[in-house]
Amino acid sequence: MMSEITRWSATDTAEKIRSRDVSVVEVAQAHIDRMESINPSINAITEPVREALDVARALDDAGLPEAPGPLYGVPVTTKINVDQAGYANSNGVPAFKGNSGPDDAPVVSNLKNGGAVIIGRTNTPEFSMRWSTSNPLHGVSLNPWDASVTPGGSSGAAAAAVAAGIGAIAHGNDLGGSLRYPAFCCGVTTIRPSFGRVPAGSPNQAVERPALTQTMSVQGPIARSVADVRAGLQVMSMRSSYDPLQVMAPNSGRKREADVTVGYAFNPYNSPLDPAVEAAMQTAIEGFHSAGVTTREINPPLAEDTADLWGRLLMTEARHTLHPAIKEHGSAEMNRMLGYYFDRFPGLDVTEMFTAMGNRIKAQRAWSQMFDDVDVFMMPTSLLRPIENDLDFKSPERIPDILEAQKPLHTINLLGLPSVALPTHLDEGVPMGVQLVGPMHDDWFVLDVAELLERELGTLWQKLSVWERA
């Protein structure tokens with residue numbers, strides 16, 4: 001029974017708790033046992049949450065509330081780069097290992113208020129800036145499908161944990177692809193929500209995050225199915241007065257026809273496309289056809305420009321804000337990597353910065369108008385199959401190639417749009433997948449379309465060999 005519990009979806013777990021088939025303590029204990037069994041082989045959890053069982057007992061003792069939320073009693077994990085009372089927000093940096101405080105970030109507070117039971121904290125790379133998840137403080141996190149392949153970054157440990165059955169929902173965040181790329185690498189599902197959907201902020205930090213970073217970064221859920229991602233987003237997006245930029249709009253307000261049309265592009269960038277990624281796109285197109293969804297090949301506007309604009313804006317900001325901290329506290333490998341980023345994305349002067357910000361609005365408008373003709377847009381999550389773990393540190397000369405491959409991720413962060421990443425199939429034992437992008441604030445609609453595709457393609461996590469272990 002205990003090992004079976006960790007196979008349940010978040011929605012099934014919540015339903016079984018509501019129907020009193022199982023207690024919150026039983027569920028929490030099963031996931032804690034799973035964490036103790038599996039984590040030594042993947043190093044996804046940096047620290048168990050000490051009070052998890054006490055929280056579970058308190059929920060059982062209080063009895064079911066009149067209207068329990070979709071994550072009531074469900075075990076979840078949070079990433080170590082978000083504030084959680086009594087736990088360090090180290091951002092993977094040894095010098096910051098004592099950065100803790102008395103307050104929860106809004107997303108953590110929402111999880112707690114929604115009745116979720118936080119059982120562990122997941123790893124992140126140094127400064128949460130890489131496509132692999134390792135740091136000098138907590139070591140290397142591994143992909144449960146193939147230890148030689150990256151689990152993604154920076155929420156790679158969150159995706160690895162939920163793929164392996166440690167928690168039913170994982171919290172992560174996404175500034176340049178850090179939710180979608182780990183989901184792609186680990187064969188699970190996520191949504192990069194619309195900007196403002198989930199409240200953000202770090203109440204224990206003395207200095208606010210830089211302005212451009214705030215407008216391109218989001219918090220969100222990673223799970224093993226679209227339904228669970230939806231449940232996670234419902235709870236994470238509850239209102240918080242701490243974030244003045246939170247947006248409570250239910251949708252875009254756009255009128256649609258009854259039939260769904262998905263526009264797609266195999267590769268709208270001037271970069272190489274991996275044949276395995278092309279196969280993932282073809283698999284998804286065929287899946288939509290099986291579901292009765294119309295597809296249409298289109299050219300998204302300004303694709304190449306948006307990817308470059310993301311890098312030039314953020315790297316200009318980083319030169320003036322984050323760079324001194326990385327120079328002082330980052331590893332030699334981290335500083336070397338940042339140098340490659342600065343070479344790839346030259347800094348902007350003040351006039352160029354204002355022009356770039358205007359061009360960002362221009363691109364957002366062009367994509368908004370694109371959605372007058374299609375309901376959802378599909379493209380690769382990454383142009384490369386999951387890369388070797390820690391490739392950017394082992395072979396830094398490959399960093400330009402990696403950045404080229406991640407253009408589909410960068411574009412969406414610049415635009416601020418909702419995007420669901422979901423798996424399509426396995427290629428030589430490694431997950432492949434696509435991302436579905438929607439108009440601003442149409443998060444729930446994009447999840448509905450993703451669920452249509454998931455019904456045709458199925459989910460991958462049941463095929464992961466670690467599920468054979470008790």
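# Briefing: surface, cores and salt bridges

The accessible surface of the protein comes to about 17,300 Å², and 50% of that area belongs to carbon and sulfur atoms. The model described here is a predicted one. For 470 residues, a compact globule would have a radius of gyration near 23 Å, and the 21 Å found for the protein agrees with this.

**Overall fold**

- The secondary structure comprises 18 helices and 13 strands, and the C-alpha trace spans about 60 × 55 × 45 Å along its principal axes.
- Buried residues make up 59% of the 470 residues.
- Among contacts with a separation of 6 or more, 80% are between residues 24 or more positions apart.

**Nonpolar cores**

- The largest nonpolar core has 85 residues, and the ones with the most contacts inside it are L71, L313, M378 and L436.
- Apart from that core lies another, of 44 residues, which includes M35, A159, A160 and I166.
- Leaving aside residues up to four places away in sequence, M378 touches V262, G263, Y264, A265, M281, A284, I285, F288, V434, Q435 and L436.

**A nonpolar patch on the surface**

- V350, F354 and M357 make a nonpolar surface patch of about 330 Å².
- F354, which lies in helix α14 (residues 350–370), counts as exposed because its relative accessibility is 59%, where exposed means over 50%.

**Salt bridges**

- A search of the whole structure finds 20 salt bridges.
- One of them joins the side chains of D390 and R130, at 2.8 Å from N to O; this pair links distant parts of the chain, with D390 in the loop between β11 (376–380) and α15 (391–394) and R130 in the loop between β3 (117–122) and β4 (134–135), 260 residues apart.
- D390 and R130 are both buried.
- The side chains of E451 and R230 also meet in a salt bridge, at 2.9 Å from N to O; E451 lies in helix α18 (residues 443–457) and R230 in helix α9 (residues 226–236), so the pair ties together parts that are 221 residues apart in sequence.
- E451 and R230 are both buried as well.
- D401 and R398 form a salt bridge through their side chains, at 3.1 Å from N to O; D401 counts as partly exposed at 39% relative accessibility, and R398 is partly exposed with a relative accessible area of 31%.

Terms used: Residues numbered from 1 in each chain as written. Predicted model: local features only at pLDDT ≥ 70, side-chain atom pairs only at ≥ 80, totals over all residues. Heavy atoms only, no water. Core = buried A, V, L, I, M, F, W, Y, C linked by side-chain atoms within 4.5 Å. Buried < 20%, exposed > 50% of the residue type's maximum accessible area, 1.4 Å probe, protein only. Contact = heavy atoms within 4.5 Å. Patch = residues over 30% accessible without salt bridge, like charges linked within 9 Å, V, L, I, M, F, W, Y side chains within 5 Å. Areas by Shrake-Rupley, 256 points an atom, 1.4 Å probe, with all protein chains shown as cover. Salt bridge = Lys/Arg side-chain N within 4 Å of Asp/Glu carboxyl O. Helix = DSSP H or I, 4+ residues; strand = E, 2+ residues; numbered from the N terminus. Rg over C-alpha atoms; globule rule 2.2 N^0.38 Å.
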